[in-house]
Amino acid sequence: MSIADNQVVQFHYTLRHGEELIETSAGKDPATYLHGHGNVIPGLEKAMEGKAVGDEFEVTVACADAYGERHEDRTQQMPIKHLQGAKRWKTGMVAMVKTDQGMRQVTIIKAGLKHATVDLNHPLSGKDLTFNIQIVDAREGTNDEIAHGHSHGVGGHHH
């Protein structure tokens, strides 16, 4: 079965930027997503199209098809109480912030007692990313998964 829209795909991956290892699913459950619904970065979803269970491949995704270009002017000062993920903040740490569009990652530029200056760019913006992929499983999405726009169960969304 070739990967196409509305299929739930499970895959293992190793993600690198140049020689830097960013993350891997090795030794963990595979990542799971519903193909065609924007649940993974566009360049990776495009590379998965037409692949099949058992395929292993490497793909480099340009930053424009991953997390976008960096914009140096995207900084903001915000109250520390809005930052989630740690009790004490230091320069370079990544925090989660609740926005109108859901949770978002920001990087701490400077942390004070009550306020922090944060970089609103995604931590991986401006970076070309290389993925080593192993497709573990693929199946048709259920009606609920398709209606919700994401996979359910292990590695997917839990309601």
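How many residues lie between E7 and E8 in their hairpin? Three residues separate the two strands. The model is predicted. Its chain has 159 residues, and 33% of them count as buried. The secondary structure comes to two helices and nine strands.

**Overall layout**

- Along the sequence the elements follow the pattern β-β-β-α-β-β-β-β-β-β-α.
- The C-alpha atoms fill a box of roughly 55 × 35 × 30 Å along the principal axes.

**The four-stranded sheet**

- Four strands make an open sheet in the order E5-E8-E7-E6.
- Their pairing is antiparallel.
- Strand E5 (75-79) and strand E6 (94-99) are the edge strands, and each pairs on one side only.
- From one strand to the next, the twist averages 50 degrees.
- In general, the strands of a sheet pair through backbone hydrogen bonds, in either a parallel or an antiparallel sense.

**Strand pairs within the sheet**

- E5 and strand E8 (residues 115-119) run antiparallel and are joined by five bridges.
- Gln-77 has Thr-117 in E8 as its bridge partner.
- E7 and E8 pair over four bridges, again in the antiparallel sense.
- Thr-107 has Asp-119 in E8 as its bridge partner.
- E7 and E8 also form the hairpin of the opening question, with three residues between the strands.
- E6 and strand E7 (residues 102-111) run antiparallel, with six bridges joining them.
- Thr-99 stands opposite Gly-102 in E7.

**The largest pocket**

- The volume of the largest pocket is about 540 Å³.
- Its lining consists of 20 residues.
- Which residues lie nearest the centre of the pocket? They are Glu-23, Asn-39, Val-40, Ile-41 and Tyr-67.
- Three strands supply at least two lining residues each: strand E1 (7-17), strand E2 (20-24) and strand E3 (31-34).
- Helix H1 (42-48) likewise supplies at least two residues of the lining.
- By residue class, the lining divides into 14 nonpolar, five polar and one charged.

**Asn-6**

- Asn-6 is placed in the segment before E1.
- Its phi is near 70 degrees, a positive value in a residue other than glycine.
- Is Asn-6 buried or partly exposed? Asn-6 counts as partly exposed, because its relative accessibility is 26%, and buried means under 20%.

**Thr-142**

- Thr-142 sits in the loop between strand E9 (129-140) and helix H2 (143-148).
- Thr-142 has a relative accessible area of 38%, so this residue is partly exposed.
- Exposed would require over 50%.
- Thr-142 and Met-48 are 94 residues apart along the chain.
- The C-alpha atoms of Thr-142 and Met-48 are separated by 20 Å.

Note on methods
Residues numbered from 1 in each chain as written. Predicted model: local features only at pLDDT ≥ 70, side-chain atom pairs only at ≥ 80, totals over all residues. Heavy atoms only, no water. Pairing = 2+ DSSP bridges. Axes fitted to C-alpha atoms, helices over the stretch in contact; angles between N-to-C directions. 1 Å grid on protein atoms, 1.4 Å probe; cavity = no way out; pocket = protein on both sides within 12 Å on 5 of 7 lines; lining within 4 Å. Points joined across faces, edges and corners; volume = space filled by probe spheres on them. Nonpolar A, V, L, I, M, F, W, Y, C, P; charged D, E, K, R; others polar. Buried < 20%, exposed > 50% of the residue type's maximum accessible area, 1.4 Å probe, protein only.
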